[in-house]
Amino acid sequence: METGQGQSSVEPRGLKVRLRGWRNRIIGSRAFQRHAAANPFLRPIARARAGALFDLVAGFAYSQVLLCTVESGCVQRLGEGPASTAELADLAGLSGEATLRLLRAAAAIGIAEEVAEGWWMLGRHGAALHGNAGALAMIHHHKLLYADLADPLALLRKDRAESTALSRFWSYAGAEKTAEEGEAGAYSQLMAASQAAVSDEALAAYDFSRHRSLLDVGGGHGAFLDAVGMAHPGLRLGLFDLPQVVARLEAGRVAVHSGSFLSDDLPRGYDCASLVRILHDHDDEPALRILANIRAALKPGGTLLIAEPMSGTPGAEAMGDAYFGLYLWAMGQGRPRTAREIHAMLREAGFARSRSLATRQTLIASMIVAHA
Ligand SMILES: C[S@@+](CC[C@H](N)C(=O)[O-])C[C@H]1O[C@@H](n2cnc3c(N)ncnc32)[C@H](O)[C@@H]1O
């Protein structure tokens with residue numbers, strides 16, 4: 001069962017379709033575009049729209065500039081203070097001319113800024129990025145995504161039947177499922193690097209002090225539990241993940257449980273469970289199985305918290321269906337879901353009720369709380 005993929009058999013014809021058709025003919029007409037550019041009232045709108053469209057056309061080049069500045073070490077070096085073009089050329093292993101081309105490109109997209117001739121500092125985006133270990137780790141990691149997207153139409157045509165760079169990285173995903181500890185270590189580290197931002201959102205949106213115990217299902221190396229546990233010292237903590245992920249975790253405050261949430265029973269006795277960045281990794285049938293498994297482990301009234309980026313999130317639509325839609329396709333399984341779809345799946349899995357929680361940074365995660 002794949003939900004959210006319905007299609008009416010009748011071609012739509014109503015007023016909405018006629019209005020969209022009329023709008024698209026106007027916007028697409030060269031005469032209208034010339035008129036908008038010449039008209040002082042319409043010009044700001046025309047410029048903004050043209051700029052947004054150009055960003056879509058050129059986005060891949062921007063991302064590659066970003067990757068170069070991070071991979072070469074320039075962003076990290078500029079985080080320490082001003083640097084000369086010559087020093088950055090040495091660091092990046094580039095000629096002076098290539099370095100200048102890269103730095104000017106980086107300045108144009110807000111990563112760097114030339115503060116005096118031949119001297120560079122971080123720009124606004126660069127400054128925000130420099131302190132964000134999760135985003136830096138993702139930028140490095142995106143090399144795999146770009147490799148898989150080199151011919152995106154070919155990737156879509158393969159219908160996920162073949163392994164990809166991303167499915168090999170996420171060893172539980174896609175056509176080739178292996179279970180090596182080293183591979184699981186690499187993805188667990190990547191997840192841990194970006195976990196602080198997610199746990200900040202969860203802690204701001206939800207009061208964990210109403211619970212006695214929390215089981216983080218698919219909790220990786222425990223970064224989410226560390227953050228929640230720090231904020232709530234009285235909470236009993238448990239982590240469930242694949243054997244190859246938890247193999248080297250040391251017993252401490254967190255009780256470690258190993259197994260597969262797709263085929264093994266989850267440990268009982270926790271009054272709250274969390275699923276952080278898990279559900280979207282799975283197609284509908286296994287995702288429903290995970291929810292039903294958690295429902296079975298919770299007593300009536302027990303709580304499940306779901307935190308992940310969701311599709312159709314107002315203001316973050318591109319993140320959901322353009323970024324995660326393609327990322328998860330390349331990974332070989334899973335899809336971004338709307339909050340509405342997740343609420344429906346929760347009901348199907350036997351949860352009595354659920355509601356969405358507001359988060360501050362919906363790009364990082366939206367949240368749903370459900371009760372068994
Ligand atoms: C995208 S990571 C998210 C990790 C963590 N929750 C976070 O947000 O940082 C997905 C996690 O689910 C775990 N996982 C995948 N398949 C699993 C399965 N069948 N049973 C248990 N855990 C699984 C992975 O090992 C990994 O730790």
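## A residue to start from

Leaving aside its neighbours within four places in sequence, which residues is A307 in contact with? They are V198, E201, A202, S274, V276, A365 and M367. Keep in mind that this is a predicted model.

A307 also turns up in the largest nonpolar core, which has 57 residues. A307 is listed there among the residues with the most contacts inside that core, along with V217, A273, I294, L304, I306 and M367. Apart from this core lies another one, made of 17 residues, including L66, V75, L88 and I111. As background, nonpolar side chains tend to be buried together in soluble globular proteins.

## The whole chain

Stepping back, the protein chain has 372 residues, and 31% of them are buried. You'll find 17 helices and 10 strands in it. Along its principal axes, the C-alpha trace spans about 65 × 60 × 40 Å.

Now for contacts between residues at least 6 apart in sequence: 61% of these join residues at least 24 apart.

## The sheet

Seven strands make up an open sheet with mixed pairing, and their order is β6-β5-β4-β7-β8-β10-β9. Since β6 (254-258) and β9 (353-357) stand at the edges with a single partner strand each, one side of each is left without a neighbour in the sheet. From one strand to the next, the twist averages 20°.

## A helix across the strands

Helix α17 (residues 339-348) lies across β8 (303-308), β9 and β10 (366-371). With β10, helix α17 makes an angle of about 20°.

Definitions and conventions
Residues are numbered from 1 along each chain as its sequence is written. This is a predicted model: local features need pLDDT of at least 70, side-chain atom pairs count only at pLDDT 80 or more; totals for chains, interfaces and linings use all residues. Helices (H or I, at least four residues) and strands (E, at least two) are DSSP runs, numbered from the N terminus. A residue is buried if 20 or more other C-beta atoms lie within 10 Å of its own, exposed if 12 or fewer, and partly exposed in between; C-beta atoms are placed from the backbone. Two residues are in contact if their C-beta atoms, placed from the backbone, lie within 7 Å. A nonpolar core is a set of buried Ala, Val, Leu, Ile, Met, Phe, Trp, Tyr and Cys residues joined through C-beta atoms within 7 Å. Two strands pair if DSSP finds at least two bridges between them. Axes are lines fitted to C-alpha atoms, for helices over the stretch in contact, and angles run from 0 to 180 degrees between N-to-C directions.
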